[in-house]
Amino acid sequence: MTSIVARGRDRVTSAVSQSTQIVGRAADAITAPGARAIDAALALNPISAQAAPTPVDGVEGANRLLRQLGITTFTPTVGLSLDLTLPVAVGGAVAGPYTPGIGNLTVANVSVNAVKRGEILYGFLPVGVFADFGDKSGVHVAWFNLESLRGGLGSPLGGLTDTVIDAVGRRARSAPIPDVVFDATVSRLKKVLSIVPSNGVRGGVVDTGSGVVLCAVYGTVKRGGTTYFFLPSIGLTRACP
C-alpha cells in the first residue's frame with residue numbers, strides 16, 4: 001500500500017508542476033492580473049472540507065500515526081495528575097532535510113523543508129482527548145548532542161500542524177519562489193497534514209547541529225479541567241550535517 005509520505009510527495013509535485021505552468025502563462029499574458037494566476041492555481045488545488053480526525057486511541061495508534069508522518073517514535077510515557085489516572089503519550093523525532101507527510105520538499109529546485117540539515121523536529125502525541133486551546137507551550141524538549149556536547153533544556157513545542165506549515169512558509173518566503181507556487185504548495189501540505197488530530201498534538205523544530213542527539217520530550221497537557229504532567233519520552237536521533 002502506498003504510504004502517506006509517498007502520496008503526499010506525489011500531490012505536492014503535481015501541484016508545483018501545475019502552478020509553474022500557470023505562472024508561465026500569466027507571464028506571457030502581460031495584461032492578465034497576477035491575482036488571476038493565483039486564483040487559477042488555487043482552483044487546481046482546493047482544500048476539501050473534511051471532518052476533524054478523531055483523537056488517537058492507544059499507543060499502537062499513536063506510533064502508527066507518527067511513523068506515517070516520518071517521525072521515529074520514542075519510548076511511551078505516562079501523565080501524572082491529582083485525579084490518579086495515567087494517560088499515555090508518545091514522543092518522537094525526525095531529522096532534516098524533511099517535511100512530515102511529504103518527505104524531501106523541493107519547490108522550483110529550492111529546498112523548503114520544514115526541518116533543515118542540522119535540525120530535528122520533535123513530535124508529541126497524547127492518547128485520547130486533550131485540550132488544544134489557549135497556551136500550547138506546556139510540552140518541552142530537552143536534548144544533548146553526544147558529538148558536539150551541545151545541549152538545550154526547555155524548548156517549547158507548539159501545535160504540530162502549525163509548526164510544519166509555518167516553517168515551510170518561512171523557508172519559501174526567503175527563497176526566490178513565485179507566490180502562486182508557494183500558495184499551491186501550502187494548500188497541498190495542509191491537505192496532507194489533515195490526518196493529524198488537533199487534540200493535544202505538539203511539535204517543534206530545534207537547531208541541534210549535526211550528530212547523535214539524546215532527546216527527551218515531556219511537559220503538561222490539559223484534559224477537561226485537569227492538567228497532566230507527562231514524564232519524559234526518550235530516544236536517540238541522528239541530525240544530518
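Mentor: Let's start with a term we need: two strands pair if DSSP finds at least two bridges between them. Keep in mind, too, that this is a predicted model.

Trainee: Thanks! What is the strand order in the open sheet, and what is the pairing?

Mentor: The open sheet has 9 strands, ordered S7-S6-S10-S11-S1-S2-S5-S9-S8, and the pairing is antiparallel.

Trainee: What makes S7 and S8 edge strands?

Mentor: Strand S7 (151-156) and strand S8 (158-159) each have a single partner strand, so one side of each is left without a neighbour in the sheet.

Trainee: How do you know that S8 and S9 count as a pair?

Mentor: Set the value against the definition. S8 and strand S9 (residues 202-207) share 2 bridges in the antiparallel sense. The definition asks for at least two bridges, so the two strands pair. You can find the place in the model by looking at Gly159, which stands opposite Arg202 in S9.

Trainee: Which strands does helix H3 touch, and what is its angle to S2?

Mentor: Helix H3 (residues 59-68) packs on the sheet and touches strand S1 (72-80), strand S2 (88-95) and strand S5 (119-126). Its direction makes about 15 degrees with that of S2. The buried residues of H3 are Gly61, Ala62, Asn63, Leu65 and Leu66, and they pack against S1, S2 and S5. After H3 comes Gly70, with a positive phi near 85 degrees.

Trainee: Why is S5 called largely enclosed?

Mentor: Count its buried residues: 8 of the 8 residues of S5 are buried, so the strand is largely enclosed by the rest of the structure.

Trainee: Which residues of S5 are on one side, and which on the other?

Mentor: In a regular strand the side chains alternate between the two faces of the sheet. On one side of S5 we have Glu119, Leu121, Gly123 and Leu125, on the other Ile120, Tyr122, Phe124 and Pro126.

Trainee: How many bridges join S5 to S2, and how many join S5 to S9?

Mentor: S2 and S5 pair over 7 bridges in the antiparallel sense, with Phe124 in S5 as the bridge partner of Gly91. S5 and S9 are also antiparallel, over 6 bridges, and here Leu121 has Val205 in S9 as its bridge partner.

Trainee: Now a loop residue. Why is Leu193 called buried?

Mentor: Its relative accessibility is 3%. Buried means under 20%, so Leu193 belongs in that class. Leu193 is found in the loop between helix H5 (179-192) and S9.

Trainee: What is Leu193 in contact with, leaving aside its neighbours within four places in sequence?

Mentor: Its contacts are Leu69, Pro100, Thr161, Val164 and Ile165. For Ile165, the separation is 28 residues in sequence and 9.1 Å in space, C-alpha to C-alpha.

Trainee: Why is Leu84 called exposed?

Mentor: Exposed means over 50% relative accessible area, and Leu84 has 74%, so it qualifies. Leu84 is found in the loop between S1 and S2, and its phi is positive, near 70 degrees, in a residue other than glycine.

Trainee: And why is Leu149 called exposed?

Mentor: By that cut-off again: Leu149 has a relative accessible area of 61%, which is over 50%, so it counts as exposed. Leu149 lies in the loop between S6 and S7 and has a positive phi of about 65 degrees although it is not a glycine.

Trainee: Why is Phe144 called partly exposed?

Mentor: Its relative accessibility is 34%. Buried means under 20% and exposed over 50%, so Phe144 falls in between. Its place is in strand S6 (residues 139-145).

Trainee: Which residues form the nonpolar patch on the surface?

Mentor: Phe144 and Leu149 are among them, along with Leu146, Leu214, Ile234 and Leu236. Together they have about 560 Å² of accessible area. A patch residue needs over 30% relative accessible area, so Phe144, at 34%, passes that cut-off.

Trainee: One last item: what is the peptide bond from Gly96 to Pro97?

Mentor: That bond is cis, with omega near 5 degrees. You will find Pro97 in the loop between S2 and strand S3 (106-107).

Technical notes. Residues numbered from 1 in each chain as written. Predicted model: local features only at pLDDT ≥ 70, side-chain atom pairs only at ≥ 80, totals over all residues. Heavy atoms only, no water. Patch = residues over 30% accessible without salt bridge, like charges linked within 9 Å, V, L, I, M, F, W, Y side chains within 5 Å. Areas by Shrake-Rupley, 256 points an atom, 1.4 Å probe, with all protein chains shown as cover. Salt bridge = Lys/Arg side-chain N within 4 Å of Asp/Glu carboxyl O. Helix = DSSP H or I, 4+ residues; strand = E, 2+ residues; numbered from the N terminus. Buried < 20%, exposed > 50% of the residue type's maximum accessible area, 1.4 Å probe, protein only. Contact = heavy atoms within 4.5 Å. Axes fitted to C-alpha atoms, helices over the stretch in contact; angles between N-to-C directions.
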